[in-house]
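Let's walk through this one together, with a few questions and answers.

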Amino acid sequence: MALPKLPLLLFLSSLLLRAALGEIFCDDLPKDLCAFSIASSGKRCLLETYLKRSGKVAYLCRTSEVIVERLADHIETDECVKACGVDRNSVGISSDSLLEPQFSSKLCSTSCYLRCPNIVDLYFNLAAGEGAFLPDLCAAVRTNPRRSMMQLMSSGAAYGPVGSDMSRVSFTGAFPPAPAPIY
């Protein structure tokens, strides 16, 4: 009779172990913590919408295929969300926000750029996908915000060292380089 209880005991033990280890699984996160979180596997969490039978829109937290190499088990702090000007209720993230002067000034601010590596890494990669180099964009934001938007919109956007040794690149300004893009 003890045998049928063994699978149940093992299942409950695995749940308790998961909770005790503090592992983060995107599918377990509530809507309010999903965006800008990273699962224990190192994969980014993303907020998705779906239509309920009632016709109402509902939200689910899912695991994306995007891996963050230097960060896992991370739920972004409220301080970083506020400092960087991002929204936890974001469904999908676009590089279009980099064209908004208010957003780019918050992202490039000291309180975000130097203290919120998860958000900076995410937008570093989005900018790189557009052919822009986030440290150059932030330098332009500090000196001339309108010029920075034109740089990003132009086809000759600020090119960064792709696949090069980041230690040989010199940067001007108060900010160190953002993390290397993750491909």
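Helices (H or I, at least four residues) and strands (E, at least two) are DSSP runs, numbered from the N terminus. This is a predicted model in which local features need pLDDT of at least 70 and side-chain atom pairs count only at pLDDT 80 or more, while totals for chains, interfaces and linings use all residues. Residues are numbered from 1 along each chain as its sequence is written, and side-chain values use heavy atoms, with hydrogens and water left out.

Q: In what pattern do the helices and strands of the protein chain follow along the sequence?
A: The protein chain has eight helices and four strands. Read along the sequence, their pattern is α-α-β-β-β-β-α-α-α-α-α-α.

Q: Which elements each supply at least two residues of the lining of the largest pocket?
A: A pocket is an open set of points on a 1 Å grid over the protein atoms alone, where a 1.4 Å probe fits, with protein on both sides within 12 Å along at least five of seven lines; lining residues have an atom within 4 Å of a point. Of the 16 lining residues here, the closest to the centre are R44, S64, V66, I93 and L122. The elements that each give at least two are β2 (43–51), β3 (57–67) and α6 (117–129).

Q: Why does the largest pocket lie between two domains, and which are they?
A: The domain bounds come from an automatic or database domain assignment. Both domains give residues to the lining, so the pocket lies between domain 1 (22–75) and domain 2 (77–153).
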